[in-house]
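Hi everyone, thanks for coming. Have a look at the structure on the screen, and I'll walk you through a few places in it.

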Amino acid sequence: MTNFPLLSLLIFIPLVGAGFILAIRGEEEVVNRNARSVALWTSFAVFILSLLLWVNFDTTTADFQFQEQVKWMPAFDISYRVGVDGISMLFVLLTTLLTPICILASWKSVTERVKEYMIAFLIMETMMIGMFAALDLVVFYIFFEAVLIPMFLIIGVWGGKRRVYAAFKFFLYTLLGSVLMLLALLAMYHDAGTTDIPTLMNHTFPAGLQTWLWLAFFASFAVKVPMWPVHTWLPDAHVEAPTAGSVILAGVLLKFGGYGFLRFSLPMFPLASMDFTPLIFALSIIAVIYTSLVALAQTDMKKLIAYSSVAHMGFVTVGTFTMTVQGIEGAIYQMLSHGVVSAALFLVVGVVYDRIHSREIDAYGGLIHRMPAYGLIFMIFMLASVGLPGTGGFIGEFLILVGVFKVNTWVAAFTATGVILGAVYMLYLYRRVIFGELTKESLMKIGDLSRREMLVFAPLVLLVFWMGIYPSSFLDVMHVSVNNLLDQMETARAAAGVMTAGNP
Amino acid sequence: MMSSVPNVVPALPEIFLALAAMALLMLGVFQKTDEGDGEVRAFRLISRLGMISLVLVMMLVATVSGATLTTFGGMFVSDPFAVFFKVLIVLASLMALILSQDYLENQKIARFEYAILILLATLGMMMMVSAGNLLSLYMGLEMQSLSLYVIATFNRDDSRSTEAGLKYFVLGAVASGMLLYGISLVYGYAGTVDFMALGSMFKADTHVPLGLIIGIVFMLAGLSFKVSAVPFHMWTPDVYEGAPTPVTAFFSVGPKIAAMALFVRVMIEPFGDLFQHWQQIVVLISIASMLLGAFAAISQTNIKRMMAYSSIGHVGYAMIGLAAADEAGVRGILIYMAIYLFMNMGAFACILTMRRGDKMVENISDLAGMSKSHPLVAVALAIFMFSMSGIPPLAGFFSKLYIFYAAIESGLYALAIIGVLSSVVGAFYYIRIVKVVYFDDLTEPLDSPIGREVGGIILVSALFVLLFFVFPGTIVDGASAATAALFGG
């Protein structure tokens, strides 16, 4: 297995699938049908293949595994290098899992330009897997940034009424953050002479430079996470994007930021990360409390879930910057479970949206009378989002809070209010949509989940419980890598301490 | 002892091109144009032969590549730097000539002089990049400019076209005057116009008379005009809008690349050691161009005007490389220009498909729903627009990557930050085109099918821009070699 280019296959098979779809010609009906099935089978094959990644993953080492390296721009010592460790591997799996689900979820709801839609999704899968697997700064940046193109088109072409506004906002916000990161990346190359990520992790940047580099990366990741106050693109993008677009956005794209903090900010700029921890804590607490309150006031279901995403990602950033094993593992866990749960919640909204074409909470009520299965599914994910023990959400939030508590009890106390507020707005939403009398005329004939929709939710339900009941299967994977990350930071900090002690 | 007959080998491509242009002129004059479609037939014949000549010139350029050769007493230099740019220039001319065929015939302005003017302009541009002396520089520049003034007015019954040509001529003449005045000042204070002699003089002597600096500033102003950098850009939008579209495509690429090459050579070879005297001016020009290019383009409704501002912005980015004034910077410029050539040609080829009936349409809103009526052109246009806004993995990203690396490496952090921020502003109007093409509903479809030649150019350019990331090596290595030659000499 050592020479089998598994990661490259994962990255580029979707692209090949996209090429196939591009080549499909004929009547619109036939093209649409074929495009859907090619996309589904391609992404499904990628998912199966990605399971090999997990099966063959060695949990005893913090090294990057499944590495591949091809010279790309030899003059600059830039190569196409990919590999995964315990931090990134699970994100690759999350991506490969959500893509076929998205394609399945848009089976009926996307009827226009199906071919282009499927191509966009497959290209996006390529970019996302590549982003998590990249071990070269330039390669990372290319994948990181290239996601903008398909996502921009997905929101803009297949989105709702204000899609143009949302697409532009999404594009420009993200671009603004990332171009600063591009400069930081060039400065890192200039300082270290390489763009190789594992090498850079062991490179010590001067303390002054670290601050600037950290800020530039922060500009990019904070927009992606998104952190308060640069989160405003997210509700717009989510509301206007088609269901599957929201799913990918919440499920995977938001993880780019959190992953970036773990992959770059912490190991490469440990001193700056220490300095800026209070800033992160402050912004995260605001995010958790403020956006939870905002979520409470929403009348649009998708917007509510979007704000809840911001709040949940606030937990992630707090956990990351506790720089404790529990905090970081909790953050990763929270990202994974949020990836599953928020994706599922958007799908849940998508189900009724496909039937009634309204996202307004007021348009619903009493759905339990006509859609019992739907009510059950909704409840499972709603409770997972709240963080009920037994679901994935609980483990992540719990670990994060343990980590924070060790560092700062006040931060822990404020962050914990987010759990309560989360329960408030989610239960309130659930009550208004599902319970009560079925009085609305438009809902009288609404049908329950179809078999295809059941199929979409089944793996997610399974995963939510698995993550909640037996977290070890995920935590074991990341454990060694997280410890290694903390060791690296400790070493760097000690080295810097020596340096300052030596230079009075 | 100097031999009485100069070595003509380094200048062989230029000599051949000059002879070819004159021969074609004779041939064209003696065609029967008075009967029926005689004029169009003559146009086709001369254009085809012109294209063949350009291909032959390209081959000749390739044969003299590799070494640094000087001739005519140092007035003419053929080094890898010149060869790199000559390839780009000939390519630009060839593409422009191919693009023009259908357009000129449709507009009923198909006259054979067009191809000859393009050839002569190409000759001028090739001489510009090979100049080893301020006078041969000026000769090349004027040869190019005069041809371009005429081409700009080629649609002579159209008042916009003649206006464009006249504006271009008057302002161009002023710029040439400034350049010449600068040259005369430099000559007066330094006593020589030879690049080598000037270069070694400044290497030895760090004291520079003020008059010479003023001379350099005048030259900078003149050259900035030619590359349409702010604050000497005013002519650009009007000329781009008024000139026939394929001519605009040519203007935005060929002369710009040639002038940029000239700019780099003049600043680096003779005046490279004085860079602390001119660096701040270039930084200022660069910042102003990037910002103006980004902000002024937003409010444009005419796509050719928008492309004019976009080209001003691109010049601003390229100038970052010049401000860095080192190998990394110049290499960045070379790569930038190579990629810019394909991006811009492709975009203009897409603009050339904007036709309804006999009329060309030029409003951005006319592109609405193009993704339905011309799906392939729409994809290509989206590729060019995303590339111009610098989104990876498209070629435009790499051009910015190398330029910004040069800025970071030279410590020009402010310039780099302003550059990336203005590129975000720029992204707005580029993706607005994508928005019109993809998000807006079809109102009135553009004509189809598009011409074979135009389609070919679009395809070639789009593939280049899309697949550049797979094989960046060739162009990057070529640019590195060319830059090394410039700095080694």
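Predicted model: local features only at pLDDT ≥ 70, side-chain atom pairs only at ≥ 80, totals over all residues.

Together β1(A) and β2(A) make a hairpin, with four residues between them. One residue in that turn, D77(A), has a positive phi of about 60 degrees. If you are new to strands, here is a handy idea: in a regular strand, side chains alternate between the two faces of the sheet.

Now over to chain B. How many helices and strands are there in chain B? It has 19 helices and four strands. Its radius of gyration is 22 Å, close to the 23 Å that the globule rule gives for 489 residues, so chain B is as compact as a globular protein of that length. Along the principal axes, the C-alpha atoms of chain B fill a box of roughly 65 × 55 × 40 Å. Of its 489 residues, 60% count as buried.

Let me pick out one helix, α12(B), which runs over residues 303-324. At 1.5 Å a residue, its 22 residues should span 32 Å, and the end C-alpha atoms are 32 Å apart, which agrees. Is this helix covered or uncovered? Mostly covered: 22 of its 22 residues are buried.

Next, the place where the chains touch. Chain A brings 26 residues to the contact, and chain B brings 24. On the chain A side, the elements giving two or more residues are α5, α6 and α7 of chain A. Which of them gives the largest share? That is α7(A), with 14 residues. Sorted by type, the chain A side has 22 nonpolar residues, two polar and two charged.

Finally, the largest nonpolar core, which has 398 residues. Among those with the most contacts inside it are L183(A), F381(A) and L262(B). Helix α13 of chain B, residues 327-352, provides the largest share of this core, 20 residues. As for L262(B), leaving out residues up to four places away in sequence, it touches M128(B), V129(B), A131(B), L137(B) and L223(B).

That's my tour, and I'm happy to take questions!

Technical notes
Residues numbered from 1 in each chain as written. Chains lettered and ligands numbered in written order. Expected span 1.5 Å × (residues − 1). Buried ≥ 20, exposed ≤ 12 C-beta atoms within 10 Å, placed from the backbone. Contact = placed C-beta atoms within 7 Å. Nonpolar A, V, L, I, M, F, W, Y, C, P; charged D, E, K, R; others polar. Rg over C-alpha atoms; globule rule 2.2 N^0.38 Å. Pairing = 2+ DSSP bridges. Core = buried A, V, L, I, M, F, W, Y, C linked by C-beta atoms within 7 Å.
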